[in-house]
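Me: Please walk me through this model, and tell me what stands behind each label you use.

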Amino acid sequence: MELIIFSSSSTFLLAHLLVFALFISTKALVKLPPNETIPAVIVFGDSIVDAGNNNDLQTLIRCNFLPYGQDFDGGVPTGRFCNGKVPSDLIAEELTIKDTVPAYLDPTLKPQDLITGVTFASGGTGYDPLTPKLASVIPLSDQLDHFKEYIWKLKALVGEERTNFILAKSLFLVVAGSDDIANTYFVLRARKLQYDIPAYTDLMVNSASDFFKELYALGARRIGVFSTPPIGCVPSQRTLAGGIERECADDYNVAARLFNKKLYAVLDSLQTSLPNGKFVYIDVYNPLLDLIENPKKYGFEVVNKGCCGTGNIEVAILCDKLSPTCTDVSKFIFWDSYHPTEKAYRALVAPVLQKYLSKFF
């Protein structure tokens with residue numbers, strides 16, 4: 001029999017390799033408090049968390065074609081406004097619920113998919129009811145109607161008691177506001193004559209508040225709401241309003257910060273007024289701005305243009321299979337001129353979950 005002798009240095013190395021392997025295999029898993037569960041991730045909002053609900057709409061705000069989805073499982077364009085996964089997918093993945101959160105309107109959706117959550121989000125929508133009308137997409141009011149239908153289907157599938165449990169314990173995510181500020185107010189100027197920025201952000205936040213209350217009335221209790229990002233720093237807005245140097249468009253960012261301040265106050269008020277409701281403001285403005293201002297810290301190089309086409313203006317139908325894409329998407333924060341890459345989303349999602357998850361319990 002051969003005798004194998006480990007030196008103290010090789011034992012030390014082996015131990016470290018085992019610890020490293022354990023770290024690699026578990027670092028993506030977010031720990032929940034004892035006796036707590038999150039059975040599903042249920043999502044509302046715009047293109048940041050749309051997984052294909054716009055695919056069959058008569059709208060220009062679609063992306064169910066290459067190069068979108070080139071790095072998604074199988075290189076399939078699903079209708080996600082990204083090269084790969086979007087934040088709702090990554091959050092479900094981190095919580096070990098499932099790998100992706102499918103679109104509710106996906107014709108291949110299976111009944112079992114409903115139990116662990118879906119996304120009702122529609123690219124181009126917003127809190128302002130005018131925003132989805134201008135883009136011919138699904139308003140938040142219709143997303144709520146779809147959610148009511150979802151509840152009915154869930155009850156038929158698992159019964160009323162289990163459905164109520166799922167609704168009370170699931171993580172609800174709402175992501176909207178960017179399209180109101182960038183498109184409806186600044187680019188299309190559809191509200192500019194009627195409202196100044198303070199008045200328009202009031203309109204947005206009042207509409208948002210009504211939506212959150214309706215979600216609560218339908219049984220949602222853990223509601224996380226993304227702030228608006230530094231919208232003036234996305235490539236398309238730099239091109240449209242950032243001057244010859246394509247700097248961040250400051251007035252867009254001022255509007256976003258003002259809305260965020262009001263959104264935080266509304267969520268804080270709902271938290272105290274609605275029993276057992278957890279309304280959590282999730283700041284993505286500052287983390288994304290840090291990514292843009294300090295790209296090398298996160299392993300990025302290109303901050304002011306997207307990977308698709310020129311990167312300055314292409315988004316949705318302007319970023320199609322005829323558009324050349326960058327050779328190394330990992331260097332880019334933005335996939336197209338409006339939406340981050342999967343790598344950028346990953347850099348944001350894990351720290352955000354670590355920071356805010358405990359607030360839902």
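Reply: Happy to! Let me start with the largest pocket, where helix H7 gives the most to the lining, with four residues. This is a predicted model, so local features need pLDDT of at least 70 and side-chain atom pairs count only at pLDDT 80 or more, while totals for chains, interfaces and linings use all residues. Residues are numbered from 1 along each chain as its sequence is written, and side-chain values use heavy atoms, with hydrogens and water left out.

Me: What makes a space a pocket and not a cavity?

Reply: Both are searched for on a 1 Å grid over the protein atoms alone. A cavity is a set of points where a 1.4 Å probe fits but cannot get out, whereas a pocket is an open set with protein on both sides within 12 Å along at least five of seven lines. Lining residues have an atom within 4 Å of a point. Grid points are joined across faces, edges and corners, and the volume is the space filled by probe spheres set on the points. On that basis the largest pocket holds about 620 Å³. Its lining has 26 residues, with Ile61, Asp179, Asn183, Val315 and Ala316 closest to the centre.

Me: Which helices each supply at least two residues to that lining?

Reply: They are H4 (130-135), H7 (178-187) and H9 (235-241). The names come from DSSP runs numbered from the N terminus: helices are H or I with at least four residues, strands are E with at least two.

Me: How do you know what classes of residue line the largest pocket?

Reply: Ala, Val, Leu, Ile, Met, Phe, Trp, Tyr, Cys and Pro count as nonpolar, Asp, Glu, Lys and Arg as charged, and the others, Gly among them, as polar. Sorted this way, the lining of the largest pocket has 14 nonpolar, 11 polar and one charged residues. The second largest pocket, of about 370 Å³, divides into nine nonpolar, six polar and six charged.

Me: How many cavities of 30 Å³ or more are there?

Reply: Two. The largest cavity has a volume of about 280 Å³. Among its 23 lining residues, Ile48, Pro229, Val284, Leu288 and Tyr345 lie nearest the centre. H2 (87-94) and H12 (342-356) are the elements that give two or more residues, and H12 has the largest share, four. By class, this lining has 18 nonpolar, four polar and one charged residues.

Me: And what lines the second largest cavity?

Reply: That cavity has about 60 Å³ of space, and its lining includes Ile91, Leu171, Ile282, Val352 and Phe360. Strand S2 (171-175) and H12 each give two or more residues, with H12 giving the most, three. The class count is nine nonpolar, no polar and no charged.

Me: Why is the pair of Phe147 and Tyr150 called stacked?

Reply: Rings of Phe, Tyr and Trp (its six-membered ring) pair if their centres lie within 6.5 Å; planes under 30 degrees apart count as stacked, over 60 as edge-to-face and the rest as tilted. The centres of Phe147 and Tyr150 are 5.9 Å apart and their planes are at 20°, so the pair is stacked. Both residues lie in H5 (residues 140-158), three residues apart, about one turn of the helix.

Me: What makes Phe211 and Phe212 edge-to-face?

Reply: Their centres are 6.3 Å apart, with 70° between the planes. These two join Phe147 and Tyr150 in a cluster linked by ring pairs, which also includes Phe44 and Phe259. The model has 20 aromatic pairs by this rule.

Me: Why is Phe211 called buried?

Reply: Buried means under 20% relative accessible area, exposed over 50% and partly exposed in between (1.4 Å probe, protein chains only). Phe211 has 4%, so the residue is buried, and Phe212, with 0%, is buried too.

Me: How do you know that a charge sits over the ring of Tyr216?

Reply: The rule asks for NZ of Lys or CZ of Arg within 6 Å of the ring centre and within 35 degrees of the ring normal. The charged end of Arg221 is 3.8 Å from the centre of the Tyr216 ring. Lys343 sits over Phe300 at 4.5 Å.

Me: Why is strand S4 said to be largely enclosed?

Reply: Four of the five residues of S4 (residues 278-282) are buried, so the rest of the structure largely encloses the strand. Two strands pair if DSSP finds at least two bridges between them; S3 (residues 222-226) and S4 have five and run parallel. Within this pairing, Phe226 stands opposite Ile282.
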